[in-house]
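Please keep the sequence and the model in view while reading.

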Amino acid sequence: MAEGRRGSLLGTPPPEPPIPERGPSLTSSIELRYVPLCVDLCHWINDYTGLSMEVNQFWTLLQDGCILCDLMNKVQQQHCINIEETYQYIGYTLKKDLGDQLFYVRLNVETFIRWAKNFGCDKELLCEVGHLVERKDLERALSCIHAVARRVAELRMPYPKCVRMEVKFHMSYNDIVGLFDEDHATLNEDQIHVKKCFADFCQSIGLGKMDITQPLKSNSSEWKSRLSELWAGTKPLVNGNIPTIAE
């Protein structure tokens, strides 16, 4: 009987991972105005972690918390070097050890959010675990990651281009993209300059050229096309072994 049970277990397919390997595209997951912010943060995360990431799968890649916790440790390590304090690794569950349950996934994301709060991020900008893990509010999850990037800027560590724009113009990201909702003919020279800089920013992160006289939605088809091939870091070969997720 024991042999029979062992045989049936051997014939059972392995459990499904708690988060599917692929999910909805970036433009299907979040409002179009936030797509450039997601792309930029994806490149910034790659800069810190060295992990190649398929930009169109940004949210699915972050959903289990492994990449975010890797980012957390890399940022914390750099911060400790800067202030000459001893760095202590912050533990989390690696992807290979997640199993098929959401418990450790939720714990990873909770660890990242708690660290962000302790790191000095504005708690009003942080998210809850379910906002990311269950995709209940990805804009709120984006706010949390963006808050970390802003805090990194405050501490004079490498930070993303989107935050550089915010600092340069003393405007929030929402205020900058909000200019594209206005009648272009009514804007002053300074506002038009901000729009030009945003267009240059979008081109620099791989989203192509923009007509700044048109609303952001006019870029929807172009961005969807470019996102389908866009990677942060090196795109793996078909049979290559470049990691796209934290192991």
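## A buried aspartate and its partner

Asp-64 is buried, since its relative accessible area is 3%, where buried means under 20% relative accessible area, exposed over 50% and partly exposed in between, computed with a 1.4 Å probe on protein chains only. The side chain of Asp-64 meets that of Lys-95 in a salt bridge, at 2.7 Å from N to O; a salt bridge is here a side-chain nitrogen of Lys or Arg within 4 Å of a carboxyl oxygen of Asp or Glu. The two residues are 31 apart and link distant parts of the chain, with Lys-95 in the loop between α5 (66-83) and α6 (103-118) and Asp-64 in the loop between α4 (58-62) and α5. Lys-95 counts as partly exposed, because its relative accessibility is 27%.

## Basis of the values

This is a predicted model, in which local features need pLDDT of at least 70 and side-chain atom pairs count only at pLDDT 80 or more, while totals for chains, interfaces and linings use all residues. Residues are numbered from 1 along each chain as its sequence is written, and side-chain values use heavy atoms, with hydrogens and water left out.

## Other salt bridges

Side chains of opposite charge can pair when their charged atoms come close. The structure holds 13 salt bridges, and one of them joins the side chains of Glu-134 and Arg-106 at 2.4 Å, N to O. Glu-134 lies in the loop between α7 (129-133) and α8 (138-154) and Arg-106 in helix α6, so this pair ties together parts that are 28 residues apart in sequence. Glu-134 is partly exposed at a relative accessible area of 37%, and Arg-106 also counts as partly exposed, at 32%.

Glu-166 and Arg-150 form another salt bridge through their side chains, at 2.7 Å from N to O. Glu-166 belongs to helix α9 and Arg-150 to helix α8, and the pair, 16 residues apart, links distant parts of the chain. Glu-166 counts as buried at 8% relative accessibility, whereas Arg-150, at 28%, counts as partly exposed.

## Packing of α9 against α11

Helix α9 (residues 161-169) packs with helix α11 (residues 189-204) at an angle of about 165 degrees, and their axes are 11 Å apart. The two helices are therefore roughly antiparallel to each other, a term for angles over 145 degrees. Lys-161, Cys-162, Met-165, Lys-168 and Phe-169 of α9 make the contact with His-193, Val-194, Cys-197, Phe-198, Phe-201 and Ser-204 of α11, contact meaning heavy atoms within 4.5 Å. By type, the residues of this contact divide into seven nonpolar, two polar and two charged.

## Overall make-up

The protein has 12 helices and two strands, taken as DSSP runs (H or I, at least four residues, for helices; E, at least two, for strands) and numbered from the N terminus. Of its 247 residues, 48% count as buried. Among contacts between residues at least 6 apart in sequence, 63% join residues at least 24 apart.

Ser-228 is found in the loop between α12 (220-227) and β2 (231-232), and it is partly exposed, with a relative accessible area of 39%. Ser-228 and Asn-56 are 172 residues apart in sequence, yet their C-alpha atoms are 6.3 Å apart in space.

How values were computed
Axes are lines fitted to C-alpha atoms, for helices over the stretch in contact, and angles run from 0 to 180 degrees between N-to-C directions. Angles under 35 degrees count as roughly parallel, over 145 as roughly antiparallel, 65 to 115 as roughly perpendicular and the rest as oblique. Ala, Val, Leu, Ile, Met, Phe, Trp, Tyr, Cys and Pro count as nonpolar, Asp, Glu, Lys and Arg as charged, and the others, Gly among them, as polar.
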